[in-house]
Amino acid sequence: MNITDFEEYFSPGILERGKEYYRNHHVISLESIGNGSYEAEVEGSEIYTVFAELKADGEVLDLSCDCPYEWEEFCKHEAAVLYQLREREEIVPSVEEPEQKQALPEQLAACEKETLIAWMMEYAKENRGFLDYLQLRVSEQLQPEELLAILNRTCNRFFSGKIVWKELQKTVAFLLKSMQSWADDVKKVQAILDIVQLLEMKLEERSCESDWVVYESITDCSDAILNIVQGVVNRQDSKTIEAVYQSLLHAFHKDKLSGEHFVFSSLLCLCALPEYRKKLEEFLQYQQAVSTEYERRELAEQQFQILKRY
């Protein structure tokens with residue numbers, strides 16, 4: 001089997017699925033580990049590792065995947081990696097040394113600035129994801145509604161399988177980073193709460209094999225809120241503290257039956273202030289009176305966390 005004709009060795013169904021994985025960028029990493037050997041990660045129901053070894057003329061000496069598929073000799077993950085390898089210019093089906101080409105960064109550096117901008121905008125017209133990426137990188141301060149619009153489009157592409165999980169994760173990271181320059185901490189917290197609400201709504205609407213990355217992004221949002229709250233508490237800004245507390249309590253009240261709720265750690269942080277510890281305890285006690293037995297056990301666990309910490 002050669003990198004130029006490997007299609008002949010795969011069944012049509014496996015080959016088509018592998019091509020689909022390749023086109024949809026499910027090959028999330030591909031590294032040369034020396035002596036014609038390559039190691040790749042392919043996103044499927046899990047992250048699978050594919051190993052390939054090729055000769056200089058493109059002959060495939062070894063090919064393996066750690067996925068559980070055993071019905072045929074080769075799997076779709078291996079097909080996707082072979083397509084990716086063939087795309088790479090370093091895989092040349094010849095024993096002759098390939099002509100050295102100028103590196104892409106050097107080629108771009110030689111171009112006129114106006115030409116590069118024109119190329120980027122031309123591509124952005126056909127690829128909204130790329131346009132969103134440019135906006136996130138160059139805009140000094142996007143408004144909350146603009147951030148949510150970008151995230152909504154990214155989520156739609158993610159859940160429809162058009163982008164891999166790293167793209168969603170990267171977008172959320174950029175959104176959180178873009179808020180760091182905001183002076184208004186209340187605005188920051190509310191914007192992050194809105195991001196989490198959108199992510200949770202998308203999870204309810206549809207699911208995919210990589211739902212876990214959405215939960216990881218929610219955890220990143222939780223950490224970002226906690227950092228903001230810690231700064232607010234340290235500054236002892238009573239007006240900002242009260243506004244942040246109300247925003248967090250409103251979000252917490254929607255889904256209060258989990259000690260792992262994404263804002264509970266921030267509410268615990270506010271309990272360092274006796275006034276807000278009392279407020280949260282009173283809120284939980286009131287909820288105890290109007291809850292079911294199961295809900296009361298969950299609320300008791302939250303009350304215990306406050307006592308344990310303070």
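Definition first: I take a nonpolar core to be a set of buried Ala, Val, Leu, Ile, Met, Phe, Trp, Tyr and Cys residues joined through side-chain atoms within 4.5 Å. Buried means under 20% relative accessible area, exposed means over 50%, and partly exposed is in between, with a 1.4 Å probe and protein chains only.

Ground rules. This is a predicted model, where local features need pLDDT of at least 70, side-chain atom pairs count only at pLDDT 80 or more, and totals for chains, interfaces and linings use all residues. I number residues from 1 along each chain as its sequence is written, and side-chain values use heavy atoms, with hydrogens and water left out.

**Cores**

I looked up the largest nonpolar core and got 60 residues, with Leu 151, Val 214, Leu 248 and Leu 280 having the most contacts inside it. At least two residues of this core come from each of H6 (144-159), H7 (165-178), H8 (185-205), H9 (211-235), H10 (238-254), H11 (264-270), H12 (274-289) and H13. H9 gives the most, ten residues. Helices here are DSSP runs of H or I, at least four residues, and strands are runs of E, at least two, numbered from the N terminus.

Then I checked Leu 248. Not counting residues up to four places away in sequence, Leu 248 touches Val 189, Leu 193, Ile 225, Val 229, Val 263, Ser 266, Leu 267 and Leu 270; contact means heavy atoms within 4.5 Å.

**Whole chain**

I count 13 helices and four strands. The radius of gyration is 25 Å, whereas a compact globule of 310 residues would have one near 19 Å; that is taken over C-alpha atoms, and the globule rule is 2.2 Å times the number of residues to the power 0.38. The C-alpha atoms fill a box of roughly 75 × 55 × 30 Å along the principal axes. Of the 310 residues, 41% count as buried. Of the contacts between residues at least 6 apart in sequence, 60% join residues at least 24 apart.

Is Ser 217 buried or exposed? Ser 217 sits in H9 and is buried, because its relative accessible area is 0%. Beyond its neighbours within four places in sequence, I find Ser 217 in contact with Gln 169, Val 172 and Leu 199. Its C-alpha is 9.7 Å from that of Thr 171, 46 residues apart along the chain.

Gln 303 is in H13 (residues 293-309). Its relative accessibility is 19%, so Gln 303 counts as buried. Skipping neighbours within four places in sequence, Gln 303 contacts Glu 281, Leu 284, Gln 285 and Gln 288.

Gly 58 is in the loop between S3 (47-54) and S4 (60-65), and counts as buried at 1% relative accessibility. Gly 58 and Asn 2 are 56 residues apart in sequence, yet 5.4 Å apart C-alpha to C-alpha.

**Positive phi**

Which residues other than glycine have a positive phi? I noted His 25, at about 60 degrees, in the loop between H1 (12-23) and S1 (27-34). I also noted Gln 236, with phi near 55 degrees, in the loop between H9 and H10. Gln 236 is exposed, with a relative accessible area of 53%.
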